[in-house]
Amino acid sequence: MRSSGILMHISSLPGPYGIGTMGKQAYRFVDFLAAAGQHQWQVLPTGPTSYGDSPYQSFSTYAGNPYFIDLETLEEEKLLLPGEAARYDWGGDPSRVDYEKIYQGRAAILYQAYLLGWRRDEAQVASFEEANRGWLEDYALYMALKRHFQMHSWQEWPADIRLRQPAAIQRYRAQLKNDIRFWTYVQYLYYRQWQALKSYANERGISIIGDIPIYVALDSADVWANPQVFQLDQEGRPRKVAGVPPDDYAQDGQLWGNPLYNWEYLKSTDYRWWMDRMSFLTQMFDRIRIDHFRGFESYYAIPAQEETARNGQWEPGPGMDFFRALKDRVGDFPFIAEDLGYLTPQVLEMVQEAGYPGMKVLHFAFDCWCQSLYLPFRYPHNCVVYTGTHDNQTTRGWFASLSDADRQFCRDYLDLAGDNRIAWKLTALAWSSVADLAIVPMQDLLDLDDDARMNTPSTSAGNWQWRMADGALTDELAARLRHLTCTYGRI
């Protein structure tokens, strides 16, 4: 069935406490989606962010980001004193997330909620712990240990606890009991609010599309608690790390630094770690985009001591054996394959055999020197078309940056006389295509320039900060998008 939706991360919602949350503005956004005839809300990974604030580098593949817990809801539930949240400094610019201010204040105020709520909610928390024991115990201990060691990576911890010696685990569990309870309670609060928001969305015909990074951060509970799953040495240090080779956009390639998987070990366990991860996330979301899909066919491995990605090599991934195991575990769940970038025939064959829709990005379509595969007349039905993604410029910024020849080709293709309507013209092109699903970033719907860009790959500063202005979701905007959606049969 043809449908459409909007890409906007939770952090980008407006609100009074420095970052978007699962509070009133999230429910208002769901109402806007329904009024605009949309059926999909796509978010970025929702895990707790670490250094650099990227949602693709998280302390846990299971845990939810404490920043997204709504403080007004906690006040209404008498877990915070009236006006307590307003006494913190959450940053002075409502259009940008000030992560330093959020980091300084969020854990402190959530600790106040823990002090008021732990005893009151003890029975419900115990049920939550039991249902999530497979990851929650390790995560809560991990976060308590990070605070104990001044937030240093586990790679810098003393050897006994870095290597998870049983006596050290037992000792720290006793020593850090209160903080372990705190981090457990934070996750209880997060998932209670998440399930309420997701239920509200689903009741109004809105599906939530999640995003799963193929790799996990080295500084994460996942790697610390499961060293056998990754290519680590006996001291817990990475042997090789992830990235991509040099190309026209990055002469040194991209050195991501994530530890690589020990696929031989994983295969011997029927990919149990991965299957548990995927099974959990299929319960949290209605659809999931699998990031860097090509890494399952082959992955770029860089020796851990290298300072750039120049000296890596391609190594074989698990291929279709992995996806057959995944189908056995979760059935015909509607995954989306992020199949962007240079794709070998083997990768294309794997995407086709897996049957998942791939991605088409209109920003990649308008090369006047070739017939790009991203031009809509070349799409299959089984794909998801975007104007741009979180890694792209906004459409206004992109159009301004094109060469004169490419810009003219785009004007000719769109029958575009001027430049002012480019974001909506490109959205209409996506909506009119044969792609089963069309997605537009909220920045393009609002026709914003590159000041609203979410992420610039290979840069470490100024990313993931954009927030939508309060009042941007007008009835007129909903009506305009609904009309477009009706026109192209996506309602």
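**Reading rings, cysteines and charges**

Tutor: Let's start with F323, which is buried at a relative accessible area of 3%. Keep in mind that this is a predicted model.

Student: Happy to. How do I read an aromatic pair?

Tutor: A pair of aromatic rings is described by the distance of the centres and the angle of the planes. In this structure, the ring centres of F296 and F323 are 5.1 Å apart, with 65 degrees between the planes, so the pair is edge-to-face. F296 sits in the loop between β6 (287–290) and β7 (298–303), while F323 belongs to helix α12 (residues 320–330), so the pair ties together parts that are 27 residues apart in sequence.

Student: Is F296 buried or exposed?

Tutor: F296 is buried, with a relative accessible area of 0%.

Student: How many aromatic pairs does a search of the whole structure find?

Tutor: The search gives 60 aromatic pairs. One of them joins Y114 and F182, edge-to-face, at 5.9 Å centre to centre and 75 degrees between the planes. Y114 is in helix α3 (residues 99–117) and F182 in helix α8 (residues 177–203), so this pair ties together parts 68 residues apart in sequence. Y114 and F182 are both buried.

Student: Next, cysteines. How many disulfides does the structure hold?

Tutor: First the general idea: a disulfide is a covalent bond between the sulfur atoms of two cysteines. Here the structure holds zero disulfides. For C370, the nearest cysteine sulfur is that of C368, 8.6 Å away; the cut-off for a disulfide is within 2.5 Å, so C370 is in none. C410 is in no disulfide either, and its nearest cysteine sulfur, that of C368, is 11 Å away.

Student: What is the relative accessibility of C370 and of C410?

Tutor: C370 is partly exposed, with a relative accessible area of 37%, whereas C410 is buried at 0%.

Student: Which rings have a charged side chain over them?

Tutor: Among them is W224, with R164 over its face at 4.4 Å from the ring centre. Another case is Y172, where the charged end of R171 sits over the ring, 4.9 Å from its centre.

How values were computed: Residues are numbered from 1 along each chain as its sequence is written. This is a predicted model: local features need pLDDT of at least 70, side-chain atom pairs count only at pLDDT 80 or more; totals for chains, interfaces and linings use all residues. Side-chain values use heavy atoms; hydrogens and water are left out. Buried means under 20% relative accessible area, exposed over 50%, partly exposed in between (1.4 Å probe, protein chains only). Rings of Phe, Tyr and Trp (its six-membered ring) pair if their centres lie within 6.5 Å; planes under 30 degrees apart count as stacked, over 60 as edge-to-face and the rest as tilted. Helices (H or I, at least four residues) and strands (E, at least two) are DSSP runs, numbered from the N terminus. A charge sits over a ring if NZ of Lys or CZ of Arg is within 6 Å of the ring centre and within 35 degrees of the ring normal.
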